Amino acid sequence: MSVSPLVSPAGSPQVAAPTQADLLDFVRRTAADAELIASLPLDPEGRTWVRLEGPGGSEAWLIGWPPGSGTGWHDHADSVGAFLTASGELKENSLAARLPTDGWKTLELTDGVDRERRLPAGQGRAFGRHHVHEVLNESTERHAISVHAYYPPLPRIRRYSRTGQILHLEQVERPEDWQ
Ligand SMILES: [Fe+2]
């Protein structure tokens with residue numbers, strides 16, 4: 001009696017997870033699609049969203065930002081991501097510090113960890129896991145529109161409040177909270 005050797009299932013080739021560079025490339029190409037950007041409904045009061053198909057199973061969004069709107073401080077837990085301004089201008093405040101991932105509620109930030117970048121149309125950035133930031137449209141008159149991509153698709157968003165150098169974890173949102 002012969003025994004067949006174990007063979008790995010013949011299947012589709014393994015698709016590599018998208019890298020930060022892949023996500024940045026995607027948001028740059030998407031932001032250049034003038035027809036898509038113009039299709040996003042804009043609201044004078046609140047942000048607007050359209051879900052997009054990101055590369056390699058990533059989660060992507062087109063977001064409209066009315067003047068004066070912002071996200072508040074948050075991170076995307078274990079996801080990496082990229083975003084890029086398609087029209088108008090966004091500002092990103094971020095922390096150049098790697099925070100402990102879990103098990104804390106209040107953290108005192110050391111001086112010098114704050115970073116600011118202005119992202120006019122065509123400018124964006126990629127970021128790694130646990131990147132803490134807030135994104136704002138500081139214009140008093142113009143909407144901004146941006147394209148975002150995250151991989152893995154957002155498992156969690158941690159939201160923080162901040163007073164001076166004190167960062168406080170307010171809540172952890174999971175996809176089921178967004179329904
Ligand atoms: Fe974010």
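1. In this predicted model, N93 stands opposite E116, a residue of strand 7. The pairing to which these residues belong joins strand 5 and strand 7 (residues 114–120), which run in the antiparallel sense over seven bridges. Strand 5 spans residues 89–95 and is mostly covered, with six of its seven residues buried.

2. Strand 5 has a further partner: strand 9 pairs with strand 5, again in the antiparallel sense, over four bridges. Within this pairing, S94 stands opposite H133. H133 also belongs to the metal site, which is taken up next.

3. The iron ion is coordinated through the NE2 atoms of H74, H76 and H133, at 2.0 to 2.2 Å. Along the sequence, the spacing of these donor residues reads H-x1-H-x56-H. H74 lies in strand 3 (residues 74–75) and H133 in strand 9 (residues 133–136), so this pair ties together parts of the chain that are 59 residues apart in sequence.

4. D75 is found in strand 3 and is buried, with a relative accessible area of 2%. The side chain of D75 makes a polar contact of 2.8 Å with the side chain of Y160. Leaving out residues up to four places away in sequence, D75 touches H130, H131 and V132, and also R156, I157, R158 and Y160.

5. As to the overall fold, the protein chain has two helices and twelve strands. Read along the sequence, their order is α-α-β-β-β-β-β-β-β-β-β-β-β-β. Of the contacts in the protein chain with a separation of 6 or more, 75% are between residues 24 or more positions apart.

6. Of the 179 residues in the protein chain, 42% are buried. The chain exposes about 10,100 Å², and carbon and sulfur atoms supply 51% of that area.

7. The largest nonpolar core has 18 residues, and V27, L62 and V147 are those with the most contacts inside it. At least two residues of this core are supplied by each of helix 1 (20–31), strand 2 (59–65), strand 4 (80–87) and strand 10 (144–151). Helix 1 gives the largest share, five residues. In soluble globular proteins, nonpolar side chains tend to be buried together.

8. Which residues does V27 contact, apart from its neighbours within four places in sequence? One group is A82, F83 and L84, and the other is V147, H148 and A149. V147 is itself one of the residues with the most contacts inside the core.

9. L36 has its place in helix 2 (residues 34–38). With a relative accessible area of 23%, L36 is partly exposed. Beyond residues up to four places away in sequence, L36 touches T30, L52 and L62. The C-alpha atoms of L36 and L62 are separated by 9.0 Å, and the two residues are 26 residues apart along the chain.

Notes:
Residues numbered from 1 in each chain as written. Predicted model: local features only at pLDDT ≥ 70, side-chain atom pairs only at ≥ 80, totals over all residues. Heavy atoms only, no water. Donors = N, O, S within 2.8 Å, 3.2 Å for Na, K, Ca; no water. Buried < 20%, exposed > 50% of the residue type's maximum accessible area, 1.4 Å probe, protein only. Contact = heavy atoms within 4.5 Å. Areas by Shrake-Rupley, 256 points an atom, 1.4 Å probe, with all protein chains shown as cover. Polar contact = N/O pair within 3.5 Å; in protein donor to acceptor, adjacent residues only side chain to side chain. Pairing = 2+ DSSP bridges. Core = buried A, V, L, I, M, F, W, Y, C linked by side-chain atoms within 4.5 Å.
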